[in-house]
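Here is a colleague's note to read alongside the model. Please keep the sequence and the 3D view open as you go through the points.

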Amino acid sequence: MYDFVELWQNGPRFAQSEHFKLGTDSILLADFVNTGKRARGIDLGCGSGILPLLLLNKAERLNMTGLEIIPDAAAFAEANLKENGLAERGKILVGDIKDHRRLFSSGEFDLVVSNPPYFAEGSGALSPRDDRAAARGELLCSLEDVVRAAAYLCRTGGAFYMVHRAERLADAVCLLREYGLEPKRLRTVSHSAEKEPSLILLEARRGGSAGIKLMPPLFIRNADGSETEEILRIYHREVTP
């Protein structure tokens with residue numbers, strides 16, 4: 001049932017649900033997250049569990065919960081944790097982000113992450129399949145639903161990380177501040193230095209003071225079409241001398 005493949009040589013093994021396609025955005029978000037000394041994290045809309053898997057491999061003291069509304073995708077997420085010996089530090093729950101107050105206590109986590117649906121209702125081309133459309137568009141939850149849940153779940157001083165389309169930057173920043181999550185770091189992602197940003201990586205702090213740090217832009221490709229050194233590092237494809 002599960003076709004596990006190594007994400008990189010001697011790296012985590014991952015099986016992908018047909019409902020969610022593994023994309024660069026989740027890989028970049030996992031790299032952007034500063035786990036620090038954080039002990040309890042949650043991924044809102046975890047899909048096949050790529051973010052919990054990568055973050056648990058990144059931080060040995062971290063425990064992660066994945067919340068996913070589609071049972072089949074949640075089963076893949078759970079299988080991915082077990083395959084990598086991470087079941088003791090990770091758990092997957094089937095549930096709706098909008099039910100966060102019933103499922104969890106306020107301030108239960110010090111790290112919240114999400115790769116939410118990108119397209120606002122009525123915009124963007126979506127798959128005719130309901131499950132894949134829900135992964136890309138705001139059919140089952142909106143950006144505001146995600147931010148509202150993150151604000152409730154994140155303790156004071158805790159951090160929320162998200163990836164989104166660059167065109168939704170204003171929406172994201174306004175919602176974060178509205179719900180008491182102060183934007184602290186922003187990084188744009190572009191295919192190359194000649195292209196405008198397509199993605200944003202955002203870090204916000206629950207109860208943080210005003211002031212945001214603009215990080216150097218992340219480029220996927222060099223001018224000659226080759227992968228940049230940073231992408232090679234993120235994907236563990238560094239060339240050793």
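**Notes on the model**

1. Glu182 counts as buried, at 12% relative accessibility. Buried means under 20% relative accessible area, exposed means over 50%, and partly exposed is in between, with a 1.4 Å probe and protein chains only. Glu182 is found in strand 8, residues 181-190. Helices (H or I, at least four residues) and strands (E, at least two) are DSSP runs, numbered from the N terminus. Leaving out residues up to four places away in sequence, Glu182 touches Arg177, Glu203, Ala204, Arg205, Gly208, Ser209, Ala210 and Gly211. Contact here means heavy atoms within 4.5 Å.

2. Before going on, some ground rules. This is a predicted model, where local features need pLDDT of at least 70, side-chain atom pairs count only at pLDDT 80 or more, and totals for chains, interfaces and linings use all residues. Residues are numbered from 1 along each chain as its sequence is written, and side-chain values use heavy atoms, with hydrogens and water left out.

3. Cys46 is buried, with a relative accessible area of 4%. Cys154 is buried too, at 2%.

4. Now helix 6. Nine of its eleven residues are buried, so helix 6 is largely enclosed by the rest of the structure. The buried ones are Leu143, Asp145, Val146, Val147, Ala149, Ala150, Ala151, Tyr152 and Leu153.

5. Look at Ala150 in helix 6, residues 143-153. Its relative accessibility is 0%, so Ala150 counts as buried. Setting aside neighbours within four places in sequence, Ala150 is in contact with Leu44, Val112, Phe160 and Leu181. Ala150 and Asp43 are 107 residues apart in sequence, but 9.5 Å apart in space, C-alpha to C-alpha.

6. Next, strand 7, residues 154-165. It runs parallel to strand 6 (residues 109-114), and five bridges join them. Two strands pair if DSSP finds at least two bridges between them.

7. Helix 3 covers residues 71-83, 13 residues in total. From first C-alpha to last, helix 3 reaches 18 Å, close to the 18 Å expected at 1.5 Å a residue. That expected span is 1.5 Å times one less than the number of residues. Which residues of helix 3 are buried? They are Ala73, Ala74, Phe76, Ala77, Ala79, Asn80 and Leu81. These buried residues pack against strand 2 (13-14), helix 2 (50-58), strand 4 (63-68) and strand 5 (90-94). Gly85 follows helix 3, with a positive phi near 65 degrees.
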